[in-house]
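Please look over the notes below alongside the model. They cover packing and charged pairs.

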Amino acid sequence: MKHENLPTEQLEQAHYLVAHCLAKAGLCLVSSDSLSQLEEGQVGLSVNIAIPGIEGIPTMSFVGDLKELHQSITAEKNVLRCDGLEVDCRRRRASLNGEPLLLTPRELQLLTYLLQNRNQVLTRGQLLGSVWELGYTGDSRTVDTHVKCLRRKLGEFGRHIVTVRKVGYRFETFTK
């Protein structure tokens, strides 16, 4: 396999994606020498990005407070709510206005992911990558089919799942 340098724009995008994901967990991007100066209660992390066929991608370093990282994990929501909709992630159940919803496992995963990312546009690719198996090789339009079935089962509440033309979907919370 031929190795080549990663174009600057793609390298910046890869770095941004990794840094953004780790920032959500409470880690901050720092210079590599900061890892040798950690204080008590801090944790350091070095991240190597590997892209097949590309070499020479610099290591990224992150620092976080161990107590804050632990709290971010334990604070994860087990029950998601929006108006009369409730999804109990631990029990894998959903209800609307107190009535149980009969959803397939995939519909429940889709609804959960949309609720966790409410008011954010999610592409079909993001939905496939997060809700379907990692090696899924089928048509991305399967997302459309599942959204259609989910909307039908949600009835009037299905209007919260908004189509973003030529991109994907957004679970929109409406202000009253």
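Is Arg124 buried or exposed? Arg124 counts as buried, at 12% relative accessibility. Here buried means under 20% relative accessible area, exposed over 50%, and partly exposed in between (1.4 Å probe, protein chains only).

1. Basis. This is a predicted model: local features need pLDDT of at least 70, side-chain atom pairs count only at pLDDT 80 or more, and totals for chains, interfaces and linings use all residues. Residues are numbered from 1 along each chain as its sequence is written, and side-chain values use heavy atoms, with hydrogens and water left out.

2. Arg124 and its partners. A salt bridge is a side-chain nitrogen of Lys or Arg within 4 Å of a carboxyl oxygen of Asp or Glu. By this rule there are 7 salt bridges. One joins Arg124 to Asp144, with the closest N and O atoms 2.9 Å apart. Asp144 lies in helix H5 and Arg124 in helix H4, so the pair ties together parts 20 residues apart in sequence. Helices (H or I, at least four residues) and strands (E, at least two) are DSSP runs, numbered from the N terminus. Asp144 is also buried, at 17%. Arg141 joins Arg124 and Asp144 in a salt-bridge network.

3. Other pairs. Arg81 and Glu86 meet at 2.9 Å, N to O, in a salt bridge. Arg81 is exposed at 51%; Glu86 is partly exposed at 30%.
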